[in-house]
Structure formats: structure tokens, C-alpha cells
Amino acid sequence: MTVHPRIDLSAARDFMATHARLLDRHRFRLMLGEGGPQAALAALEAYRNADGGYGWGLEPDLRSGTSQPGAALHAFEVFAETGPATSPRAAALCDWLESASLADGGLPFALPVSDPAGTATWWAQADPRTSSLQITAIVAAVALEVARHDPAVAAHPWLAAATRYCLDAIRTMTDAPHALVLAFALRFLDGVHDTEPAAAALVEKLGVHVPASGVIPVEGGTANEVIRPLDIAPVPGRPVRALFASEAVAADLDRLAAAQQDDGGWRVEYAQFSPAGALDWRGHATVSAVTVLRANGPA
């Protein structure tokens with residue numbers, strides 16, 4: 001695959017070399033076929049705690065050293081990208097997630113943060129006693145990507161319990177969900193669509209909340225913060241992509257390509273809580289943007 005003709009890949013490389021954290025530099029090289037999985041896995045190791053979870057700013061707005069579900073999401077991103085190579089750290093992360101889950105199989109949005117400096121309020125003030133569909137769905141969605149090539153993750157009881165929790169929570173949902181909950185629940189359903197018979201009907205249930213434009217404002221976010229088609233359905237040919245008109249997807253691809261900044265990188269629209277976090281997000285966003293544009297580019 002080639003990238004969108006409107007982006008400057010050389011400038012993106014320069015941005016990553018100049019500004020991105022080491023982990024995202026290795027992820028970027030791996031995505032372009034210029035590096036192997038071991039360098040990215042080695043960089044990820046610096047964020048790991050002895051309990052098997054991850055912290056230390058792996059989630060850029062959660063600077064705490066404590067192991068957190070939000071950081072687990074980003075660790076699974078690396079384990080997915082380094083496939084078909086596997087790492088025993090992925091199954092160990094499932095062990096930690098099982099220990100952090102509540103009785104219903106869901107994850108709390110965040111665990112207690114003892115060192116909140118530089119951490120976004122929504123992480124630092126989360127209720128650790130309540131399961132969150134928002135975080136459980138997106139962590140499980142990315143874990144399902146890892147499970148496609150890692151049998152230890154696919155067979156892990158944490159993933160089975162999280163899947164049951166998400167399916168039950170979506171099935172019993174009665175109100176229109178928050179934009180982020182909607183996006184992450186649809187990402188999860190896309191991940192289980194091929195193995196869970198209930199997923200197709202649940203995609204249809206949530207699909208009524210997706211407007212024709214595919215653009216969903218994020219309540220409580222910044223003025224420009226929205227969820228777009230490629231946030232929900234970044235991979236062509238998957239069931240959830242069918243919720244969006246081809247014109248909406250094409251427009252979003254053009255928007256994403258045009259969002260490359262003069263310095264070669266991309267930025268995010270949500271609130272930032274520390275200078276380091278803001279820059280870390282830009283490196284992460286640049287890897288994500290080029291990945292999506294490559295996946296949807298001309299053959």
C-alpha cells in the first residue's frame with residue numbers, strides 16, 4: 001500500500017525524529033517496514049511495572065507511574081503492531097487486567113492515582129469502584145487485534161470476561177451514548193463481529209446514533225473535538241465501515257491528509273494537560289494518521 005498522495009512522508013519522518021518519544025519512533029519505523037518488532041517491544045518495556053501493568057505516561061495524559069487500564073490500551077497497540085511476533089508480556093498484561101477488573105468483568109475507567117502531577121482530571125478523579133464501558137470496550141477492542149496472532153491472549157479468561165461485560169452493557173443500553181462510548185463500543189463490536197453472533201444486531205442498534213455526516217461532537221470536550229468516521233472504522237472492509245457512506249469516508253481521508261502540519265506531524269484536538277503529554281500525543285497521532293492513510297491508500 002502507498003500513502004495518500006497529499007501527505008509528505010519525508011516531513012513526517014523528520015517530525016518523528018525531531019519530536020517523538022522513542023517508542024513512537026520505533027512504531028513509526030515498524031509501520032513503514034523500516035524496523036523490526038524487537039525495538040518497539042524493548043521501548044515499551046520502559047513503561048512496564050512489576051505487577052505486569054503499564055504506566056509512566058504511556059497514556060500521554062496520565063503521567064502517573066501506576067499501572068492503569070488506559071496505559072494497557074497503548075501497550076496492546078504495540079503488541080498488535082508487532083504481530084505476527086508475540087511477546088509473553090501480552091498475556092502477562094491480561095493477567096494484570098484480570099486482577100484490575102471488577103466483579104462484572106468490566107474495568108474501572110482508572111485506578112487510584114497517587115501521583116497526579118500532569119495527569120488529566122478525568123483520569124485522576126475517576127471512580128475505581130465502577131465499571132466503565134468506555135475504557136473496557138477500547139482496551140478489549142485492541143486486545144482482540146492482538147488475539148488474532150497471539151493464542152495466549154485469545155484464550156485468556158480476562159478477554160472472555162471483558163467481552164461478556166461489553167456485550168451485556170451494549171445490549172442493555174437505553175440512552176444515546178456519549179460520543180467516545182459510542183466510538184469505542186463500535187470498535188469493540190467490529191473486533192468480535194466474526195465470532196459473536198450478537199454483534200451484528202448490536203452494531204445496528206448503535207448505528208442509529210451515527211449521523212449521516214459521520215461527525216459526532218464530543219460532549220464536554222474542546223470546541224473542535226469530534227469523533228469522525230476513521231476514528232470508528234479505520235480499516236476498510238470491516239462491518240462497522242458499512243455505517244458510513246463512501247463519500248463520508250473519502251472526505252475524512254482527505255481531511256486527515258490535509259491535517260498534516262507544517263512541521264510534518266499531526267496534532268490532536270482534545271485538551272492537553274502537560275507540555276510533555278501534548279508532544280507525546282503528536283507523535284502518537286502521527287503514527288496513527290500515517291497508518292490509517294496507508295491502510296486506506298491505493299493498492
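Buried means under 20% relative accessible area, exposed over 50%, and partly exposed in between, with a 1.4 Å probe and protein chains only. The model is predicted, so local features need pLDDT of at least 70 and side-chain atom pairs count only at pLDDT 80 or more, while totals for chains, interfaces and linings use all residues. Residues are numbered from 1 along each chain as its sequence is written, and side-chain values use heavy atoms, with hydrogens and water left out.

Helices (H or I, at least four residues) and strands (E, at least two) are DSSP runs, numbered from the N terminus. Eleven of the 14 residues are buried, so α10 is largely enclosed by the rest of the structure.

**Thr136 in α7**

From that set, go to α7 (residues 133–147) and pick Thr136. Thr136 has 0% relative accessibility and therefore counts as buried. Contact means heavy atoms within 4.5 Å. Beyond its neighbours within four places in sequence, Thr136 is in contact with Gly105, Gly106, Leu107, Ala162, Tyr165 and Cys166.

**Gly265 and Thr286**

Next, select Gly265, in the loop between α13 (246–258) and α14 (275–295). Gly265 is buried, with a relative accessible area of 0%. Not counting residues up to four places away in sequence, it touches Phe15, Ala259, Gln260, Arg282 and Thr286. For a distance check, draw a line from the C-alpha of Gly265 to that of Ala212: the two are 53 residues apart along the chain and separated by 29 Å.

With neighbours within four places left aside, its contacts are Ala12, Phe15, Met16, Phe28, Gly265 and Trp266. Phe15 is listed for Gly265 and for Thr286.

**Two backbone features**

Most residues other than glycine have a negative phi, and most peptide bonds are trans. Select Gly83 and Pro84, which are joined by a cis peptide bond with omega of about 10°. Pro84 is in the loop between α4 (69–81) and α5 (88–100). Then select Trp56, in the loop between α3 (37–45) and α4. Trp56 is not a glycine, yet its phi is positive, about 60°.

**The whole chain**

Zoom out. The chain contains 14 helices and two strands. Its C-alpha trace spans about 50 × 45 × 40 Å along the principal axes. Of the 299 residues, 54% are buried. Among contacts with a separation of 6 or more, residues 24 or more positions apart account for 65%. Colour by charge to finish: there are 22 positive and 33 negative side chains, and the centres of the two sets lie 3 Å apart. Here Lys and Arg count as positive and Asp and Glu as negative, without His or the chain ends; each charge is placed at NZ of Lys, CZ of Arg, CG of Asp or CD of Glu.
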